Amino acid sequence: MYKSSNEYSYPSLHFHGGLQWWDIDFEKATVRITKAVSMVNGKQFVKEPKTKTAVRKVSIPPVMVSKLRKLKVEQAAYRLMVGSYWQGEN
């Protein structure tokens, strides 16, 4: 959870299989957590969360929204540049 002072720490966003762009609501400054990512023997696995309460919306600070918007634009430009070599959904 975000609070304008540093009272709460904010975990880094994980785009390597866990989060997708459609999980981010830029206008409401929230991220939907719908998956769990774990490492087993050096391999990454994306799976459903263990509990219903693990699926949730998390507020993100304005600076994170700004950085994510910039990252999304940069990724779109890179995606156009690599064309058919692009891997992944979004």
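Trainee: Let's start with helix 1. Which of its residues are buried?

Mentor: In this predicted model, the buried residues of helix 1 are Val65, Leu68 and Val82.

Trainee: How should I read that set, and where do these residues fall around the helix axis?

Mentor: Start with the general idea. An α-helix has 3.6 residues a turn, so residues three or four places apart point the same way. Now the case here: looking down the axis of helix 1, you find its buried residues within an arc of 115°, so they line one face of the helix. Those buried residues pack against strand 1.

Trainee: What sits on the face turned away from the buried side?

Mentor: Exposed residues, including Pro62, Val63, Lys67 and Lys70. Val73, Leu80 and Met81 are also among the exposed residues there.

Trainee: What does the span of helix 1 tell me?

Mentor: Helix 1 covers residues 62-82, which makes 21 residues. At 1.5 Å a residue they should span 30 Å, and the end C-alpha atoms are 30 Å apart, so the two agree.

Trainee: How do I read the strands, then?

Mentor: One general point: in a regular strand the side chains alternate between the two faces of the sheet. In this model there's an open sheet of 3 strands in the order 1-2-5, paired antiparallel. Its edge strands are strand 1 (24-25) and strand 5 (56-59), each pairing on one side only. Strand 1 pairs with strand 2 (residues 30-33) over 2 bridges, and you'll see Asp25 opposite Thr30.

Trainee: How many bridges join strand 3 to strand 4?

Mentor: There are 5 bridges between strand 3 (residues 36-40) and strand 4 (residues 43-47), and these strands run antiparallel. Look for Met39 standing opposite Gln44 of strand 4. Their hairpin has 2 residues between the strands, and Asn41 takes a positive phi near 50° there.

Trainee: Next, salt bridges. How many does the structure hold?

Mentor: The idea first: side chains of opposite charge can pair when their charged atoms come close. This structure holds 4 salt bridges. One of them joins Asp23 and Lys35, with the closest N and O atoms 3.8 Å apart. That pair links distant parts of the chain: Asp23 is in the segment before strand 1, while Lys35 is in the loop between strand 2 and strand 3, 12 residues apart.

Trainee: Which salt bridge involves Arg69?

Mentor: Arg69 meets Glu27, at 3.4 Å from N to O. This pair also links distant parts of the chain: Glu27 is in the loop between strand 1 and strand 2, Arg69 is in helix 1, and they are 42 residues apart. Glu27 counts as exposed, at 68% relative accessibility, and Arg69 as partly exposed, at 39%.

Trainee: What about Glu74 and Lys70?

Mentor: Their side chains meet in a salt bridge of 4.0 Å, N to O. Glu74 and Lys70 are 4 residues apart in helix 1, so about one helical turn separates them.

How values were computed:
Residues are numbered from 1 along each chain as its sequence is written. This is a predicted model: local features need pLDDT of at least 70, side-chain atom pairs count only at pLDDT 80 or more; totals for chains, interfaces and linings use all residues. Side-chain values use heavy atoms; hydrogens and water are left out. Two strands pair if DSSP finds at least two bridges between them. The expected span of a helix is 1.5 Å times one less than its number of residues. Buried means under 20% relative accessible area, exposed over 50%, partly exposed in between (1.4 Å probe, protein chains only). The arc is that of the directions from the helix axis to the C-beta atoms. Contact means heavy atoms within 4.5 Å.
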